[in-house]
Amino acid sequence: MTDKLPTDNVPIALSSEEIKKRTAVLRRFKELLIEQRQRFRDYIDVLDKQKDVIENGRPEDILAHVELEENVAAGIVAVQKSLEPMRFLYEAVCPDTQDGDIPEISAALECLKNETFQRVKCNKDLLQKRMVLIRDELKNLRGNPFTKRKSIYAENQSAALLDISG
């Protein structure tokens, strides 16, 4: 069974096996794009929460969010590693296919990437400012004159020999 797809007004005969192959590649590529788009949305949610934690949270909370961010970013990188070869395969197998969803999903993904980049930059700046504040607090604690004062009883704690013989 062969189907004909118009390309530049020239019919091309495709076998059913070729159509199945193209359909599978297209479906998988689309699934990966959608998964990557969702991962970027999740990453943006984590970044929004992280911004609040940086501004108002404790250092332990900030550390936990940084670790969570690293895990989400690792997931994005993992999908990206499979997405790029799939994109090349898609372009090689389906060079003339114009699926309406693929360009739309790709454009949304690029917008999410840009938005993520901006939020990461903003959070990084906030984190640096917060680190400066914490360093200043530590310097003030170390420079406190009352912390340097030692007890008068803490100075010479070693035993002393006294001569009691006459």
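Student: What covers the buried residues of helix 2?

Tutor: Terms before the case. Helices are DSSP runs of H or I with at least four residues, strands are runs of E with at least two, and both are numbered from the N terminus. Buried means under 20% relative accessible area, exposed means over 50%, and partly exposed is in between (1.4 Å probe, protein chains only). Contact means heavy atoms within 4.5 Å. Here, the cover over the buried residues of helix 2 includes helix 1 (16-56) and helix 3 (101-142). This is a predicted model: local features need pLDDT of at least 70, side-chain atom pairs count only at pLDDT 80 or more, and totals for chains, interfaces and linings use all residues. Residues are numbered from 1 along each chain as its sequence is written, and side-chain values use heavy atoms, without hydrogens or water.

Student: Which residues of helix 2 are buried?

Tutor: An α-helix has 3.6 residues a turn, so residues three or four places apart point the same way. Now read the list with that in mind. Helix 2 buries Ile62, His65, Glu69, Val72, Gly75, Ile76, Val79, Leu83, Met86, Tyr90 and Val93.

Student: Where is glycine 75, and is glycine 75 buried or exposed?

Tutor: Glycine 75 sits in helix 2. Its relative accessibility is 13%, so glycine 75 counts as buried. Phenylalanine 40 is 35 residues away along the chain, with 9.6 Å between the two C-alpha atoms.

Student: What span should helix 2 have?

Tutor: The expected span is 1.5 Å times one less than the number of residues. Helix 2 (residues 59-93) has 35 residues and should span 51 Å. Its end C-alpha atoms are 51 Å apart, which agrees.

Student: And what span should helix 3 have?

Tutor: Apply the rule again. The 42 residues of helix 3 should span 62 Å, and the end C-alpha atoms are 60 Å apart, which agrees.

Student: Which residues of helix 3 are buried, and what covers them?

Tutor: They are Ile102, Ile105, Ser106, Leu109, Leu112, Thr116, Asn123, Leu126 and Arg130. Their cover includes helix 1 and helix 2.

Student: How many aromatic pairs are there?

Tutor: Rings of Phe, Tyr and Trp (its six-membered ring) pair if their centres lie within 6.5 Å; planes under 30 degrees apart are stacked, over 60 edge-to-face, and the rest tilted. That rule gives one aromatic pair here. Phenylalanine 29 and tyrosine 90 have ring centres 4.8 Å apart and planes at 20°, so the pair is stacked. Phenylalanine 29 lies in helix 1 and tyrosine 90 in helix 2, so the pair ties together parts 61 residues apart in sequence. Both phenylalanine 29 and tyrosine 90 are buried.

Student: How many disulfides does the structure hold?

Tutor: The test is a pair of cysteine sulfur atoms within 2.5 Å. The structure holds zero disulfides. Cysteine 111 is exposed at 52% relative accessible area, and cysteine 122 is partly exposed at 34%.

Student: What pattern does the protein chain follow?

Tutor: The protein chain has four helices and two strands. Along the sequence the pattern is β-β-α-α-α-α. Of its 166 residues, 24% are buried. Among contacts with a separation of 6 or more, 72% join residues 24 or more positions apart.
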